[in-house]
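These are my notebook entries on a single chain, written while I went through the structure shown below.

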Amino acid sequence: MLVDKPLAKQDPLRQAITAAYRRDETQCVEQLLQALAFSRDAQGKIQERARQLVLETRVQRKKQSGFEALLHQYDLSSEEGIALLCLAEALLRIPDAHTRDLLISDKMASVNWLSQLKSEKSLFANAAAWSLMLTGKIFAPAQENETGFFAALKKTISSPGVAALRPLVLQGMKMLGNLFITGSTIEEALQNARNVEARGYRFSYDMLGEAARTSDDAQRYFEAYRKAIIAIGENRAVHDPIQSPGLSIKLSALHPRYEYSKQARVLKGLVPALLELAKLAKKYNLGLTIDAEEADRLDLSLDIFESLFSSPDL
């Protein structure tokens with residue numbers, strides 16, 4: 001099903017979604033609270049389940065590794081956490097040393113790594129905070145008439161010294177990346193996930209760095225998704241889509257011009273490709289997740305989802 005004009009102008013539900021764009025948060029919460037009418041028994045069960053989850057989380061947190069403690073110290077609500085994640089995701093994919101140094105300087109020298117330094121934190125996390133701060137200072141561009149300890153430190157550490165530090169930063173980012181990157185291929189990811197799945201965890205696999213800039217990019221991502229669905233489907237232990245791992249698909253990876261001004265072009269080119277992937281996932285009885293895009297792409301994402309959901313093949 002293809003449309004000639006935005007569905008948001010035809011459907012009252014879509015009109016309501018559009019009207020809610022950037023609505024006052026307090027107003028939204030008040031409306032949601034009115035809709036949540038739990039019985040006293042249900043409230044008690046919810047509170048008990050929440051209490052159990054919090055207690056178990058505290059027990060598990062004591063067992064975490066040093067790098068996991070570091071991630072808790074610098075979570076994504078902080079500038080430091082965002083900088084750390086950017087480094088872990090991007091640094092290993094940069095081929096030349098000069099650009100790596102620029103990225104390290106940009107991400108590590110621009111934030112205050114000691115802001116989260118606390119005595120009750122793990123020794124590893126606190127030591128890592130000092131190491132990140134010192135590394136950022138060393139890699140930061142020299143300032144004119146700079147004086148003090150760090151200026152002297154930069155003069156002491158020559159260019160070969162900075163070059164010697166670079167592999168240590170890369171190795172640290174690689175170890176950090178291993179906490180949230182399951183594998184470099186879908187086969188490796190499935191193998192690495194077996195022990196964790198045995199403990200009851202479930203995965204929805206996706207590809208890092210998805211963003212199609214050309215038609216060739218979109219085709220490459222399509223083939224990667226297709227290959228992943230087949231690999232997951234043929235290697236899973238059970239055939240229940242709830243108990244099995246699944247796949248997450250980013251729509252902007254399947255089209256180089258994923259923007260609302262190109263709605264007709266996107267619907268014509270992307271929906272058939274997405275439908276083919278959905279039919280393949282149906283064949284293997286796998287869960288398929290369509291990832292959210294940026295807010296300004298919501299209407300386009302809903303157009304595509306409606307077209308897919310309306311297909312008799314599904």
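I call a residue buried under 20% relative accessible area, exposed over 50%, and partly exposed in between, with a 1.4 Å probe and protein chains only. The model is predicted, so to speak of a local feature I need pLDDT of at least 70 and for side-chain atom pairs pLDDT 80 or more, whereas totals for chains, interfaces and linings use all residues. Residues are numbered from 1 along each chain as its sequence is written, and side-chain values use heavy atoms, with hydrogens and water left out.

**Entry 1: the chain as a whole**

I looked up the secondary structure and found 14 helices and 3 strands in the chain; helices (H or I, at least four residues) and strands (E, at least two) are DSSP runs, numbered from the N terminus. Of the 314 residues, 32% count as buried. I then turned to contacts, meaning heavy atoms within 4.5 Å: among those between residues at least 6 apart in sequence, 67% join residues at least 24 apart.

**Entry 2: helices α12 and α13**

How do the axes of α12 and α13 cross? I find that the axes of α12 (residues 215–235) and α13 (residues 263–283) come within 9 Å and cross at roughly 10°. The axes are lines fitted to C-alpha atoms, for helices over the stretch in contact, and angles run from 0 to 180 degrees between N-to-C directions. Angles under 35 degrees count as roughly parallel, over 145 as roughly antiparallel, 65 to 115 as roughly perpendicular and the rest as oblique; α12 and α13 are therefore roughly parallel to each other.

On the α12 side the contact is made by Phe222, Tyr225, Arg226, Ile229 and Ile230, and on the α13 side by Ala273, Glu276, Leu277, Leu280 and Ala281. Sorted by class, this contact has 8 nonpolar, no polar and 2 charged residues, where Ala, Val, Leu, Ile, Met, Phe, Trp, Tyr, Cys and Pro count as nonpolar, Asp, Glu, Lys and Arg as charged, and the others, Gly among them, as polar.

**Entry 3: two residues of α12**

Ile229, in helix α12, is buried at a relative accessible area of 1%. Setting aside neighbours within four places in sequence, I list its contacts as Leu247, Leu277, Leu280, Ala281, Tyr284, Leu286 and Leu288. I also noted Pro245, which is 16 residues from Ile229 in sequence and 9.9 Å away in space, C-alpha to C-alpha.

Ala228 also lies in helix α12 and counts as buried, at 1% relative accessibility. With neighbours within four places again left aside, Ala228 is in contact with Ile186, Met207 and Leu247; the C-alpha atoms of Ala228 and Ile186 are separated by 6.0 Å, although these residues are 42 apart along the chain.

**Entry 4: aromatic rings**

How many aromatic pairs does a search of the whole structure find? The search gives 2, under the rule that rings of Phe, Tyr and Trp (its six-membered ring) pair if their centres lie within 6.5 Å, with planes under 30 degrees apart counted as stacked, over 60 as edge-to-face and the rest as tilted. Phe203 and Tyr205 form a stacked pair, 5.6 Å centre to centre with 10° between the planes; Phe203 is partly exposed at 23% relative accessibility, whereas Tyr205 is buried at 7%.

Phe305 and Phe309 have ring centres 5.9 Å apart and planes at 15°, so this pair is stacked too. The two are 4 residues apart in helix α14 (residues 298–309), which means they are separated by about one helical turn. Phe305 is partly exposed, at 42% relative accessible area, and Phe309 is exposed, at 66%.

I also checked for a charge over a ring, which requires NZ of Lys or CZ of Arg within 6 Å of the ring centre and within 35 degrees of the ring normal; Arg220 lies over the face of Tyr221, at 5.7 Å from the ring centre.

**Entry 5: loop residues**

Most residues other than glycine have a negative phi. Arg22, not a glycine, has a positive phi of about 60°; its place is in the loop between α1 (12–19) and α2 (25–35), and at 73% relative accessibility Arg22 is exposed. Asn285 likewise has a positive phi of about 60° without being a glycine, and is found in the loop between α13 and β3 (288–290), partly exposed at 36% relative accessibility.
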